[in-house]
Amino acid sequence: MDLRPLRHFIAVADTLHFGRAAERLGMTQPPLSQSILALERAVGAPLFVRSKRSVALTPFGRQWLAHVRPAVEGIDALPTLAQRLQTGLLGRLSLAFVSTADYSLLPRLVQHYSAAFPDVELELVEATSDIQVAALVAGEIDAGIVISARATLPSALDYRPLLREPLVAAVPESWIADGLLDVAGAGGGTSAKDKDGSGADDRAARVIAPGGGGGGGDGGGEALLLHGDGWMTRPLIIFPARVSPDFHELVLGYYRSRGHEPVIRQEAIQMQTIISLVSAGLGMALVPASLRHLARTGVRYIAFAEGAPELETGLAWRREDDAPTVAALVAIAMGLEG
């Protein structure tokens, strides 16, 4: 159906006067009257009741107007919508993320992107790096926050590093209280293990705040440092290699660089699960420092006294994807790099 008669219909319905409607439309009255008559023939029913003194909508005309007006307004808005889509001000963006990003990059990235592009529908999907890479290649998501896998990324994907952070040890709080780890206050305080290595002494209680595992940060007590290599004989909980080969190799490489082979007790693909297993006393884990924000009763996060390995997290997307929403996300992410 031609839009011009519909616009003519709306103008007459608004003014209930053919002369004023014609003036608004920038045309003369006779062609307007002919246009309305042709429209009535097309729909098979009168739209107006006309007399020499008045014009009124018929009941059918009044009901049809309620549908015609939003339809015409929607058509009129299409050029503006097209421009907003082309500039990334409108649309939809699917962003996947690894669980570790939930405690570091993700909140800031979402906050900045949503503030800059409030009309873009942002879909967030938690997924491991391997799942994200497959979904990106298949076009199922637009971008993903992944743990660095530069060497294994398909050539169809582009990648930018955004964050490097040291790993810390997530350990059962009971291990420290029982003197199973060589820890000391970051300010040079007393070790939680006695000098002859036989176990804990009463000084450990002064290093650890009782019940501190649920308080966030390092657990609420004095900041601790993990010394020596003795902890490397303790059971380890780790990401499986198939899920995050870079992360897996980073942890194993750290052990092997110090002449140890890790005793892997359990593998898990979600950080929340790993920390829950630590809380249950099944083992320790090496996790990004930002995970200190995940407070869990019975868990302490301890920095390494000697050079900790660093984990890289970055943004991946399809190299040939020229969607303005993706370009805007990449630009904002690069601005948050740190």
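The buried residues of helix H2 are Phe18, Ala21 and Ala22. They span an arc of only 100 degrees around the axis, so they sit on the same side of H2. This picture comes from a predicted model.

What do the buried residues of H2 pack against? Their partners are H1, helix H3 (29-43), strand S1 (48-50) and strand S2 (55-57). The face of H2 turned away from the buried side carries Glu23 and Arg24, which are exposed. After H2 comes Gly26. Its phi is positive, near 70 degrees.

### Salt bridges

Side chains of opposite charge can pair when their charged atoms come close. A search of the whole structure finds 14 salt bridges.

| Pair | N to O distance |
|---|---|
| Arg24 and Asp14 | 3.3 Å |
| Glu123 and Arg92 | 2.5 Å |
| Arg164 and Glu310 | 3.3 Å |

Start with Arg24 and Asp14, whose side chains meet in a salt bridge. This pair links distant parts of the chain, with Arg24 in helix H2 (residues 18-25) and Asp14 in helix H1 (residues 3-15). The two residues are 10 residues apart. Is Asp14 buried, partly exposed or exposed? Its relative accessibility is 37%, so Asp14 counts as partly exposed. The cut-offs explain this: buried means under 20%, and exposed means over 50%. Which residues form a network with Asp14? Salt bridges that share partners join Asp14, Arg24 and Arg69 into one network.

Next come Glu123 and Arg92, which also form a salt bridge. Here the closest N and O atoms are 2.5 Å apart. Glu123 lies in strand S4 (residues 120-126), and Arg92 lies in strand S3 (residues 91-97). The pair links distant parts of the chain, 31 residues apart. Glu123 has 30% relative accessibility, so it counts as partly exposed. Arg92 is at 45%, so Arg92 counts as partly exposed.

The table ends with Arg164 and Glu310. Arg164 counts as partly exposed because its relative accessibility is 46%. Glu310 counts as partly exposed because its value is 38%.

### Strand S13

Why is S13 described as largely enclosed by the rest of the structure? Of its 9 residues, 8 are buried, and therefore S13 is largely enclosed.

Which strands pair with S13? Strand S5 (residues 143-147) pairs with S13 in the antiparallel sense over 5 bridges. Within this pairing, Ala143 has Trp317 of S13 as its bridge partner. S6 and S13 also pair in the antiparallel sense, over 9 bridges. Leu163 stands opposite Thr313 in S13.

Take a look at Thr313, a residue of strand S13. Its relative accessible area is 2%, so Thr313 is buried. What does Thr313 touch, leaving aside its neighbours within four places in sequence? Its contacts are Leu105, Ile145, Val146, Ile147, Ser148, Tyr159, Pro161, Leu162 and Leu163.

Methods
Residues are numbered from 1 along each chain as its sequence is written. This is a predicted model: local features need pLDDT of at least 70, side-chain atom pairs count only at pLDDT 80 or more; totals for chains, interfaces and linings use all residues. Side-chain values use heavy atoms; hydrogens and water are left out. A salt bridge is a side-chain nitrogen of Lys or Arg within 4 Å of a carboxyl oxygen of Asp or Glu. Helices (H or I, at least four residues) and strands (E, at least two) are DSSP runs, numbered from the N terminus. Buried means under 20% relative accessible area, exposed over 50%, partly exposed in between (1.4 Å probe, protein chains only). Two strands pair if DSSP finds at least two bridges between them. Contact means heavy atoms within 4.5 Å. The arc is that of the directions from the helix axis to the C-beta atoms.
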